[in-house]
Each structure stands twice: as structure tokens, then as C-alpha cells.
Amino acid sequence: MARLSITMVFFLVLVVTSEYVPSFAVEEAEPKKLWDQCVVKISPKCALDIIGQVFGNGVVSIPCCQELVKEGKECHDTLIKYIADRPTLFANETKYIQKRDELWAQCVSVSKSI
């Protein structure tokens, strides 16, 4: 059952990410470890909100910020970097990394104030 949940989360993130990030595709060399160790730590809705804020104009809620902080900075940084490294996004990678870092700082601040 847990394996099914991981697969569903992964699929959901990919489907919705493709709406925010055109031409997003999972390559065969994808580091499965990222998905198994990081994506499962956060709800699908929050994962999509995070992707939406970093790669689009979405907004992350306070509960999602708390999930993000619980997920950990290393997972957040690695996953966003992995997505930003797509050939269609690479030209704007610096912008996405900046938005990633701003979101992290925002979520840490919100989480500390609660």
C-alpha cells in the first residue's frame, strides 16, 4: 500500500508540474532516491503548491510551509534543482533557485512564528 502512495504522489507531481513547467519529462536516469526519500515526506497538494510558487505564480499556505520545513532544506533544494535542470528551464535556473531560497526563508520564518 505504501508503494502505491509513493507512485501516486510521484505521478500527481509530474502531471501537475507539466502544467506549470512545459516540456517537463522524467528521464530514465532520474535519481529515484530523490522521490523515495523526499517527495513522500510532503503531501501531494503541498508539493504542487511549492512547485507552483517556485516555477509559477502560486502561493504556499502556512500548513504547507510547515510541511516544507519538516521535509528539510536538503530535499527542498535538491528537488527544485532537479526540476530546474530540465533543458527547457535551464536558462532560468538562477531565477528558480532564487525563488526556491526565498520560499525556504519565508517558510522557516512562518514556522518559527507559530
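Reader: How many helices and strands does the protein have?
Author: The protein has six helices and zero strands. Helices here are DSSP runs (H or I, at least four residues), strands are E runs of at least two, and both are numbered from the N terminus. This is a predicted model, in which local features need pLDDT of at least 70 and side-chain atom pairs count only at pLDDT 80 or more, while totals for chains, interfaces and linings use all residues. Residues are numbered from 1 along each chain as its sequence is written, and side-chain values use heavy atoms, with hydrogens and water left out.

Reader: In what order do the elements run from the N terminus?
Author: The order is α-α-α-α-α-α.

Reader: What percentage of the residues is buried?
Author: Of the 114 residues in the protein, 42% are buried. Buried means under 20% relative accessible area, exposed means over 50%, and partly exposed is in between (1.4 Å probe, protein chains only).

Reader: And how much accessible surface is there?
Author: About 6,500 Å², with 61% of that belonging to carbon and sulfur atoms. The areas come from the Shrake-Rupley method with a 1.4 Å probe, and for residues only the protein chains shown count as cover.

Reader: Which residues have the most contacts inside the largest nonpolar core?
Author: Ile50, Phe55, Val60, Leu68 and Leu103, in a core of 20 residues. Such a core is a set of buried Ala, Val, Leu, Ile, Met, Phe, Trp, Tyr and Cys residues joined through side-chain atoms within 4.5 Å. At least two residues of this core come from each of helix H3 (44–55), helix H4 (62–71), helix H5 (73–84) and helix H6 (93–113). H3 gives the largest share, six residues.

Reader: What lies apart from it?
Author: Another core, of six residues, which include Cys38, Val39, Leu79 and Tyr82.

Reader: Back to Val60. Where is valine 60 found?
Author: In the loop between H3 and H4. Valine 60 counts as buried because its relative accessibility is 6%.

Reader: What is valine 60 in contact with, leaving aside its neighbours within four places?
Author: Asp49, Ile50, Gln53, Cys65, Leu103, Gln106 and Cys107. Contact means heavy atoms within 4.5 Å. Cysteine 107 is 47 residues from valine 60 along the chain, and their C-alpha atoms are separated by 8.6 Å.

Reader: Aspartate 49 next. Which side chain does its side chain make a polar contact with?
Author: That of lysine 45, at 2.6 Å. A polar contact is a pair of N or O atoms within 3.5 Å; within protein, one must be able to donate a hydrogen and the other to accept it, and residues adjacent in sequence count only if both atoms are side-chain atoms. Aspartate 49 is in helix H3, and its 18% relative accessibility makes it buried. Not counting residues up to four places away in sequence, aspartate 49 touches Val59, Val60 and Cys64.

Reader: Changing topic: how many disulfides does the structure hold?
Author: Three. A disulfide is a pair of cysteine sulfur atoms within 2.5 Å. Counting bonded cysteines along the chain, the pattern is 1-5, 2-3, 4-6.

Reader: What does the pair of cysteine 38 and cysteine 75 tie together?
Author: Cysteine 38 lies in the loop between helix H2 (32–37) and H3, and cysteine 75 lies in helix H5, so the pair ties together parts 37 residues apart in sequence. Their sulfur atoms are 2.1 Å apart, and the link is left-handed, with -70 degrees about the S-S bond. Cysteine 38 is buried at 5% relative accessible area, and cysteine 75 is buried at 9% relative accessibility.

Reader: Where do cysteine 46 and cysteine 64 lie?
Author: Cysteine 46 is in helix H3 and cysteine 64 in helix H4, so that pair ties parts 18 residues apart in sequence. The S-S torsion of cysteine 46 and cysteine 64 is about -75 degrees, so this disulfide is left-handed. Cysteine 46 is buried at 3% relative accessibility, and cysteine 64 is buried at 2%.

Reader: And how far apart are the sulfur atoms of cysteine 65 and cysteine 107?
Author: 2.1 Å. This pair links distant parts of the chain, with cysteine 65 in helix H4 and cysteine 107 in helix H6, 42 residues apart. Both cysteine 65 and cysteine 107 are buried.
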